[in-house]
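Here are my notes on the structure you sent.

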Amino acid sequence: MLRGTGHGGGDARRRALEHRRSARRRLPGWIWWLLGIFLLVGFMLFVLHHNQKEQFRPPVVDNGSEIEEIPHEKVNFTEELLSSTSLARQLADQMTLAKAYVILAKEHGNLQLAWELSSQIRNCQRLLSEGAVSGRAITQDEAHPIISRLARLIYKAQDAHYDISTTIVTLKSHALALEERAKAAIVQSAEFGQLAAESFPKTLHCLTVKLTEEWLRNQKHRSRSEEQRNSTRLVDNNLYHFCIFSDNVLATSVVVNSTVSNANHPQQLVFHVVTDRIHFGAMSTWFLINDFKGCTVEVRCIDEFSWLNASSSPLVRQLSEAETQGYYYSAGSKNPEREIKFHNPKFVSLLNHLRFYIPQILPNLEKVVFLDDDVVVQKDLTQLFSIELHGNVIGAVETCLESFHRYHKYLNFSHPTISSKIDPHTCGWAFGMNIFDLIAWRKANATSLYHYWQEQNSDLLLWRTGTLPAGLLTFYGLMEPLDRRWHVLGLGYDVDIDDRLIESAAVVHYNGNMKPWLKLAIRRYKYIWERYVNISHPYVRECMLH
């Protein structure tokens, strides 16, 4: 009984033990099943996230390894345009041709075609611009649509008889028409500029009239003028003598005023002014009623020089001839083939040529400085008188630079009279501020040389006109070069002169048409001249010069 009970209890314990073992074997399966699901989901999320990172990751360069993602290479867009096989060159060529057809289409009234061509030209320009900025070659996909559309439009234009020959003829006629218009505009501009340069401004005429009225009204002025003629200062070689030949009262006043204002001893300066009969009273009155720091100013009339006549001066004789008068003073008889500026009567005026008669005008003097009426003096000029001229007659600043402004620029070397006696490569020089040794002048008989060359040029074949060519021949081999800072030229035509050069100059010269007293003067340089104008004088204010 006790054994049975014990055996039955043992079976129960075995069944309980097997049940626990069976339960222990089933529990790990569920756990692994759940873990597998979690692992699978996690792996899918990881793969998805990794692919997204790879899609947006920039190319990474590893030292010693190849570049994972190679960017496009930069190209030379200029070489692309020059290459006959590139799409950029094809686009550029088609665009150029299309522009020509735009003009033709507009001329024939086909505005629709012109608009379509212009639209494609803009697209072509935009694509070329993008290629140039990005530095990449234009691709076939980008270029093909534009090339195709342009090709169709160009074919359409050609089909409308806008062929290449028509294009060439039309463009050539356009070019010729524009060239003719440009030439006409240049000639017209030269004529207007020359008229403005030759004209006498109303304000200057007003001043001349008022001064002439005072000269005629006031006997004291005429008496004082006669008294000055007898001054010993006029022939004193211990003083510094200057000569000016002009009919412009205000311009002459600026020359005198600027010279004495910059002189260390203005009382030692003597000015010999020669003018014409019309302006003699006004010129005399101006220098009588104004003081110029104690200097002496003598005013003479050209009519006083009885020796200056047709028998002694070839120029006077030539001026009396009808042909010469017609050339310079009759507008209807001008030869259109000649340059407008060479018809200026000033070039053959006796006042302008008096520079070749200085020893006759001032027979008692040994040295004199000649000044044009369009200069402004900025330094003391008395030092000029101590410059050694080495036996030469004239001291002047040379103007040649390489091949420019040499003798061949001014003279006709195809004429045997010139070519047999003169070196064409001789350096030119400038009139306007010159020191003359009158002793050497008389010794060389330079005035006779001037007469000789004027006679040779009676037919205007050696040079056209003006005093400089005559001066270059007269003083050939008799000129002493001066430092360039003594005389700076170009303020009457050149707008780009260095300010430092102007400041260092002893004399600045307004040679050219843009004189400082004219409205067409170069504003940048006008102040230099204006500061020596006596604006406080009642006549100047009344004539509204300023």
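**Notes on cysteines and helix packing**

1. Start with Cys 400. Its relative accessible area is 11%, so Cys 400 is buried. Keep in mind that this is a predicted model.

2. Cys 400 has a partner. A disulfide joins Cys 400 to Cys 427, with an S to S distance of 1.7 Å. The torsion about this S-S bond is about -100°, so the disulfide is left-handed. Cys 400 sits in the loop between strand S6 (394–396) and helix H15 (407–410). Cys 427 sits in the loop between helix H16 (416–419) and strand S7 (433–437). The pair therefore ties together parts that are 27 residues apart in sequence. Cys 427 also counts as buried, at 11% relative accessibility.

3. How many disulfides does the count come to? It comes to two. In the other bond, Cys 206 pairs with Cys 543, their sulfur atoms 2.0 Å apart. Here the S-S torsion is about -75°, so this disulfide is left-handed. The bond links distant parts of the chain. Cys 206 is in helix H7, Cys 543 is in the segment after helix H22 (538–542), and 337 residues separate them.

4. Cys 543 is buried, at 3%. The cut-off for buried is under 20%.

5. Now number the bonded cysteines in sequence order. The pairing reads 1-4, 2-3.

6. Cys 124 is buried, at 0% relative accessibility. Cys 295 is buried too, with a relative accessible area of 14%.

7. On the H7 side, the contact includes Leu 207, Leu 211 and Trp 215. On the H10 side, it includes Phe 280, Trp 286 and Ile 289. By class, the contact residues are eight nonpolar, six polar and one charged.

8. H7 also packs on helix H8 (residues 219–228). What is the angle between H7 and H8? It is about 85°, with the axes 5 Å apart. These helices are therefore roughly perpendicular to each other. Glu 214, Trp 215, Leu 216 and Arg 217 of H7 meet Gln 219, His 221, Arg 222 and Ser 225 of H8. This contact has two nonpolar, three polar and three charged residues.

Technical notes:
Residues are numbered from 1 along each chain as its sequence is written. This is a predicted model: local features need pLDDT of at least 70, side-chain atom pairs count only at pLDDT 80 or more; totals for chains, interfaces and linings use all residues. Side-chain values use heavy atoms; hydrogens and water are left out. Contact means heavy atoms within 4.5 Å. Helices (H or I, at least four residues) and strands (E, at least two) are DSSP runs, numbered from the N terminus. Ala, Val, Leu, Ile, Met, Phe, Trp, Tyr, Cys and Pro count as nonpolar, Asp, Glu, Lys and Arg as charged, and the others, Gly among them, as polar. Axes are lines fitted to C-alpha atoms, for helices over the stretch in contact, and angles run from 0 to 180 degrees between N-to-C directions. Angles under 35 degrees count as roughly parallel, over 145 as roughly antiparallel, 65 to 115 as roughly perpendicular and the rest as oblique. A disulfide is a pair of cysteine sulfur atoms within 2.5 Å. Buried means under 20% relative accessible area, exposed over 50%, partly exposed in between (1.4 Å probe, protein chains only).
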